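Hello,

Here is the structure we talked about handing over. Please have a look at it, then read the notes below.

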Amino acid sequence: MLIPNKKIRVGYVIMILLMAANLFNVLLKSPMHPAQQWAQKIFYYHVPSAWVAFLSFFVVLVAGIIFLKTRNYFWDRVGLAAAEIGTLFTILVLITGPIWASAAWGKAWNWEPRLTTTLILFLIYIGYFMLREFGGAPERVARYAAILGIIAFIDVPIIFMSVRLWAPEVQSHPQVEMASQPAGIMSIFFFSLFTFTVLYSGMLWLRIRILNLKAENQ
Amino acid sequence: MLIHLLKKEFLVELRSKEISASMLTFGLAVILIFSFSINVSPAVFQKFAPGLYWIMVLFIADLGLHRMFSHEKEFDTFSMIISAPFDRGLIFLSKWLAGTAFLVIAELLITAPFFLFLQLDIPVQWGRLIGIIILGNAGIMAIGSIVSGLAMRAKMSEVLLPILLFPLVSPNIIACVKATTAIFDNQLFATWQTWFQLMVTFTVVFGLAGYLFFDHITEE
């Protein structure tokens, strides 16, 4: 059998069904935005990706704090798994954001504060993986990665504040528009948010499981 | 104890002059490249000058930080320092304060050629400019000392340091450039007060973070 573990098999089926329902909702059920038309649909994927990315970096922070307190390597693996998945979703945010922006604003990149903060965070996490790769002894790397995860999270609000003040003319981030959307849009949006959170939890659980198995074999 | 650590940093530097000499010559080389690569009128240069200045500072800070920590690695002095019975946060404080001081000293000698070669007018509020430069340096060195501590014993530490440092320090650089631009344009303090506050916040937050985390960084 392709996937021998029953729990994982059930998880995959649930995930595929949820994602399919989400896609169906977004493409066929959500009302067409009068001004943005199809371009607006990317938001059902862009915003949940951003939410999951930042949630994931929050998990890195929590795992880092617990690791430094307890020195239990399970939490190091949680941090690594969350950092990997967070970076993956950050890439999705950085791809989907400019796609929407080029349709809505006519320009793929205009230093929108949220997107800029995401880009900086992405660069920090590239450094995080390099530190993990080249940091030396595994015990030291785990400690350093935990500290970097905490430092990165502390930096996020300062980065966001500075970027927002840096280019005050770029303020048309779409979240303001989202709040004034009709219920048809909002319910589908929240379903997508839920689906992505479930997807994230599943991915995180699987990744931690793989890292645990790897650690057991070493 | 902090006094002893600071004394050690200054004594090592006074004898080797490695950090200040490398920062100084590299800074001058950067100014030369700026002058050649951006060949515009002094009036236009005046607009770019704050950004160029902080790019230069970031480059030399990176160089200085790398020298400061690799020195400890080369002679394995770090393991001796951490074997001494005192709060390891103090090691961070000494690195941070000494690093800021070295950067300020290098800038004392670089800033004059920067204004001279790029044919810039000296700002009216030059006193405030000095204050902003020192504060900006303290911010860069606070996060820089943490990152150097993390990268010090890694392979390719000289590559890892700027890769980690530049994105992390970006809010401070934005604030430094904005505040310096306002001073160059002779604006009132009230118009750039927010940037000043941001710089103070950044410096305090990462100064504290460094003090708290250095214990974990220096663990053997």
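**A loop in chain B**

B:Q119 sits in the loop between α5 and α6 of chain B. Helices (H or I, at least four residues) and strands (E, at least two) are DSSP runs, numbered from the N terminus. B:Q119 is not a glycine, yet its phi is positive, at about 50°. It is partly exposed, because 13 other C-beta atoms lie within 10 Å. The cut-offs are these: a residue is buried if 20 or more other C-beta atoms lie within 10 Å of its own, exposed if 12 or fewer, and partly exposed in between, with C-beta atoms placed from the backbone.

B:N186 also has a positive phi, of about 55°, although it is not a glycine. This residue lies in the loop between α7 and α8 (189–217) of chain B. B:N186 is exposed, with 9 other C-beta atoms within 10 Å.

**What kind of model this is**

The model is predicted: local features need pLDDT of at least 70, side-chain atom pairs count only at pLDDT 80 or more, and totals for chains, interfaces and linings use all residues. Residues are numbered from 1 along each chain as its sequence is written, while chains are lettered from A and ligands numbered from 1 in the order in which they are written.

The scores are ipTM 0.90 and pTM 0.90. pLDDT is the predictor's confidence in each residue, from 0 to 100. Chain B has a mean pLDDT of 90, and 100% of its residues reach 70 or more. For chain A the mean is 88, and 91% of its residues reach 70 or more. Among the elements of chain A, helix α2 (residues 43–70) has the highest mean pLDDT, 94. Helix α6 (residues 175–179) of chain A has the lowest, 57.

**Where the chains meet**

In all, 24 residues of chain A are in contact with 26 residues of chain B. Contact here means that the C-beta atoms of two residues, placed from the backbone, lie within 7 Å. On the side of chain A that touches chain B, α4 (113–134) and α5 (138–166) of chain A each supply at least two residues. The largest share of that side, 14 residues, comes from α5(A). By class, the side has 17 nonpolar, four polar and three charged residues. Ala, Val, Leu, Ile, Met, Phe, Trp, Tyr, Cys and Pro count as nonpolar, Asp, Glu, Lys and Arg as charged, and the others, Gly among them, as polar.

α5(A) packs against helix α7 (residues 157–184) of chain B at an angle of about 30°, and their axes are 7 Å apart. Axes are lines fitted to C-alpha atoms, for helices over the stretch in contact, and angles run from 0 to 180 degrees between N-to-C directions. That angle makes α5(A) roughly parallel to α7(B). Angles under 35 degrees count as roughly parallel, over 145 as roughly antiparallel, 65 to 115 as roughly perpendicular and the rest as oblique.

The crossing of α5(A) and α7(B) is left-handed. A crossing is left-handed if the near helix is turned anticlockwise from the far one by less than a right angle, and right-handed if clockwise. From α5(A), the residues that meet α7(B) include A:I151, A:I158 and A:W166. On the α7(B) side, B:L168, B:P171 and B:I174 are among them. This contact has eight nonpolar, two polar and two charged residues.

**Packing within each chain**

In chain A, the axes of helix α3 (residues 73–104) and α5(A) come within 10 Å and cross at roughly 50°. α3(A) and α5(A) are therefore oblique to each other. Their crossing is left-handed. A:Y73, A:D76, A:G79 and A:A83 of α3(A) make the contact with A:A142, A:A145, A:A146 and A:G149 of α5(A).

In chain B, helix α5 (residues 89–117) and helix α6 (residues 126–151) pack at an angle of about 135°, with their axes 9 Å apart. α5(B) and α6(B) are therefore oblique too. The crossing of α5(B) and α6(B) is right-handed.

**One more residue**

A:F189 is in helix α7 (residues 183–217) of chain A. It counts as partly exposed, with 19 C-beta neighbours inside 10 Å. A:F189 and A:S30 are 159 residues apart along the chain, and their C-alpha atoms are separated by 8.9 Å.

Best wishes
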